[in-house]
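Please take a first look at this structure. The report below walks through its ring pairs, helices and charged contacts.

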Amino acid sequence: MTEQTGTVLVVDDEPQIVRALRINLTARGYQVVTAHDGAAALRAVAETKPDVVVLDLGLPDIDGTDVISGLRGWTTVPIIVLSARGESPDKVKALDLGADDYVTKPFGMDELLARLRAALRRSAVPASEGEAVVETGSFTLDLLAKKVHRDGVEVHLTKTEWGVLELLVRNRGRLVAQQQLLREVWGPGYENESHYLRVYLAQLRRKLEREPSRPRHLITEPGMGYRFEA
């Protein structure tokens with residue numbers, strides 16, 4: 001007998017856990033989407049608009065807490081942390097960043113399913129309402145369609161330009177460190193290539209800002225990183 005309907009995004013790099021969750025959730029009427037690292041998780045939320053996210057913190061590319069922070073920059077989708085980190089400081093940090101609940105591995109499936117149902121009941125804003133569309137005074141960005149329009153005309157961005165812009169927009173209003181941008185867009189080993197960011201931010205400002213020399217939306221915090229303001 002099915003218990004619920006809806007889409008659950010499972011983010012974990014342990015295949016056996018992903019398989020167990022897929023089997024149990026599917027049997028109870030959920031649709032299941034999976035991601036095996038943080039970057040894929042951020043993309044999956046924009047593309048599939050899940051009703052709830054079940055998130056491991058120990059991901060191979062970026063820490064799960066950074067995924068929580070990134071998601072909370074633009075969506076209220078419920079997030080249930082599922083992690084082997086059982087220490088209180090880890091729980092407090094995840095919850096302070098915006099997670100809705102925290103389940104420690106190893107876990108009981110019945111408990112997780114109960115917490116999943118509770119998170120869905122508490123969710124006052126459906127994840128399907130289109131919060132992935134961001135409008136500024138200069139351009140409109142659709143995270144779901146992966147498109148940017150300025151004055152009604154689509155602006156062509158390279159894959160790398162889109163990666164930089166998307167990460168900043170997902171964290172809008174917050175400082176994104178240079179190292180985080182470089183690691184997530186270019187990959188591990190590029191954390192010191194800060195000149196990449198200067199080049200690509202200049203390109204984005206020329207394409208999107210009304211006054212590229214006086215940007216209103218793509219802000220540089222000298223020596224620290226960058227910030228997006230809508």
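## Aromatic rings

Trp186, Tyr190, Tyr196 and Tyr200 form a cluster joined by ring pairs. This is a predicted model: local features need pLDDT of at least 70, side-chain atom pairs count only at pLDDT 80 or more, and totals for chains, interfaces and linings use all residues. Residues are numbered from 1 along each chain as its sequence is written, and side-chain values use heavy atoms, with hydrogens and water left out.

Rings of Phe, Tyr and Trp (its six-membered ring) pair if their centres lie within 6.5 Å; planes under 30 degrees apart count as stacked, over 60 as edge-to-face and the rest as tilted. By this rule there are four aromatic pairs. Phenylalanine 139 and phenylalanine 228 make a tilted one, with 6.3 Å from centre to centre and 55 degrees between the planes. This pair links distant parts of the chain, 89 residues apart. Phenylalanine 139 sits in the loop between β6 (133-135) and β7 (140-142), while phenylalanine 228 belongs to strand β12 (residues 225-228). Helices (H or I, at least four residues) and strands (E, at least two) are DSSP runs, numbered from the N terminus.

Buried means under 20% relative accessible area, exposed over 50%, and partly exposed in between (1.4 Å probe, protein chains only).

Tryptophan 186 and tyrosine 196 also pair: their ring centres are 5.4 Å apart and their planes at 50 degrees, so the pair is tilted. Tryptophan 186 lies in the loop between α7 (178-185) and α8 (194-208), and tyrosine 196 lies in helix α8, ten residues apart. Tyrosine 196 is partly exposed, at 26% relative accessibility.

## Helix α8

Helix α8 has 15 residues. From its first C-alpha to its last it reaches 21 Å, close to the 21 Å expected at 1.5 Å a residue. The expected span is 1.5 Å times one less than the number of residues.

Which residues of α8 are buried? They are Leu197, Leu201, Leu204, Arg205 and Leu208. Seen down the axis of α8, these buried residues fall within an arc of 100 degrees, so they line one face of the helix. The arc is that of the directions from the helix axis to the C-beta atoms. Arg198 and Arg206 are exposed on the other side of α8. The buried residues of α8 pack against β8 (147-150), α6, α7, β11 and β12. Contact here means heavy atoms within 4.5 Å.

Helix α3 (residues 64-72) is largely enclosed by the rest of the structure, because eight of its nine residues are buried. Among them are Val67, Ile68, Ser69, Gly70 and Leu71.

Asparagine 171 is in the loop between α6 (159-170) and β10 (176-177). At 5% relative accessibility, asparagine 171 is buried. Leaving aside neighbours within four places in sequence, asparagine 171 is in contact with Ser69, Gly70, Gly73 and Val176.

## Charged side chains

How many salt bridges does a search of the whole structure find? The search finds 14. A salt bridge is a side-chain nitrogen of Lys or Arg within 4 Å of a carboxyl oxygen of Asp or Glu. Asp12, Glu14, Asp56 and Lys105 are linked in a network of such bridges. Some other bridges are listed here.

| Salt bridge | Closest N to O |
|---|---|
| Arginine 227 and glutamate 229 | 2.6 Å |

Glutamate 111 and arginine 115 are four residues apart in helix α5 (residues 109-122), so about one helical turn separates them. Glutamate 111 is partly exposed at 37% relative accessibility. Arginine 115 is partly exposed too, at 27%. Glutamate 211 is partly exposed, with a relative accessible area of 44%, whereas arginine 214 is exposed at 61%.

Arginine 227 is buried, at 19% relative accessibility. Its bridge partner glutamate 229 is partly exposed, at 31%. Arginine 227 also meets glutamate 221: their side chains make a polar contact of 2.6 Å. A polar contact is a pair of N or O atoms within 3.5 Å; within protein, one must be able to donate a hydrogen and the other to accept it, and residues adjacent in sequence count only if both atoms are side-chain atoms. Glutamate 221 is in strand β11 (residues 218-221). Not counting residues up to four places away in sequence, glutamate 221 touches Leu175, Tyr226 and Arg227.
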